[in-house]
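Please read the following note beside the coordinates. The points are numbered so that each can be answered separately.

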Amino acid sequence: MTKKQRAELVQFELEKLYPEVPIPLAHTDAYTLTVAVALSAQTTDKKVNEVTPLLFKVAGTPEKMAKLEVSEIKELIKEIGLSNTKAKNLKRMAELLLERHHGVVPQTYEELEALPGVGHKTASVVMSQGFGFPAFPVDTHIHRLMTQWKLTSGKNVVETEKDAKNIWKESVWNKLHLQIIFYGREYSPARGKGDKDFITKMMFEK
């Protein structure tokens, strides 16, 4: 099976499995999405979704977040990993949104990545899921599966993102990256044996 055939197989099978893909992180606007994605680093989406309802009730806007002390933010997100660093980042992010962008989340990678706690992956998620721009955010699930499917030889998520964008049409990026994440969680978890990973079996088992 050629690389092109493997890529087509992935897209075909994932479209059958996940014709609709909800955004995993609960949010109501671009700001709450940015906060949720920033919180999700080294933490499960499930845990973030357990913590954010109260956080957003108290500080669902940059104005409200900026008024809180770091210690107050940390108390609200204490169940999340790296809560001390993330609390500092959330407060400074809110302050910078007010100082630089009138409290509105910017719609460019450069401006997003200048915010504390917002790396390229977080910016990509906000651009794609928040604003609808074509993007292919690569997390560890996608990096691992694309390596497994021999669709990338990238040594990191940045290289894998470039390969993904070269393989698939821009029109499917926003949906497909979510489909691969859902597939990874359900059929090929990092700590599992991957016994349910039927796509890999279809590709390589004779």
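1. For the classes used below, Ala, Val, Leu, Ile, Met, Phe, Trp, Tyr, Cys and Pro count as nonpolar, Asp, Glu, Lys and Arg as charged, and the others, Gly among them, as polar. The model is a predicted one, in which local features need pLDDT of at least 70 and side-chain atom pairs count only at pLDDT 80 or more, while totals for chains, interfaces and linings use all residues. Residues are numbered from 1 along each chain as its sequence is written, and side-chain values use heavy atoms, with hydrogens and water left out.

2. By these classes, the lining of the largest pocket has 18 nonpolar, 13 polar and eight charged residues. A pocket is, on a 1 Å grid over the protein atoms alone, an open set of points where a 1.4 Å probe fits, with protein on both sides within 12 Å along at least five of seven lines, and its lining residues have an atom within 4 Å of a point. The volume of the largest pocket is about 910 Å³, taken as the space filled by probe spheres set on the points, which are joined across faces, edges and corners. Among its 39 lining residues, S40, Q42, T43, K121 and D139 are the closest to the centre.

3. Helix 2 (residues 30-39) is largely enclosed by the rest of the structure, because ten of its ten residues are buried; buried means under 20% relative accessible area with a 1.4 Å probe, protein chains only. Helices here are DSSP runs of H or I, at least four residues long, numbered from the N terminus. The buried residues of helix 2 pack against helix 3 (45-59), helix 4 (62-67), helix 6 (83-101) and helix 8 (120-130).

4. Leaving out residues up to four places away in sequence, Y31 touches residues including P62, M65, M93 and L97, where contact means heavy atoms within 4.5 Å.

5. E13, in helix 1 (residues 3-17), is a charged residue by class and is buried, with a relative accessible area of 8%. Its contacts, leaving aside neighbours within four places in sequence, are with F198, I199 and M202.

Notes:
Buried < 20%, exposed > 50% of the residue type's maximum accessible area, 1.4 Å probe, protein only. Helix = DSSP H or I, 4+ residues; strand = E, 2+ residues; numbered from the N terminus.
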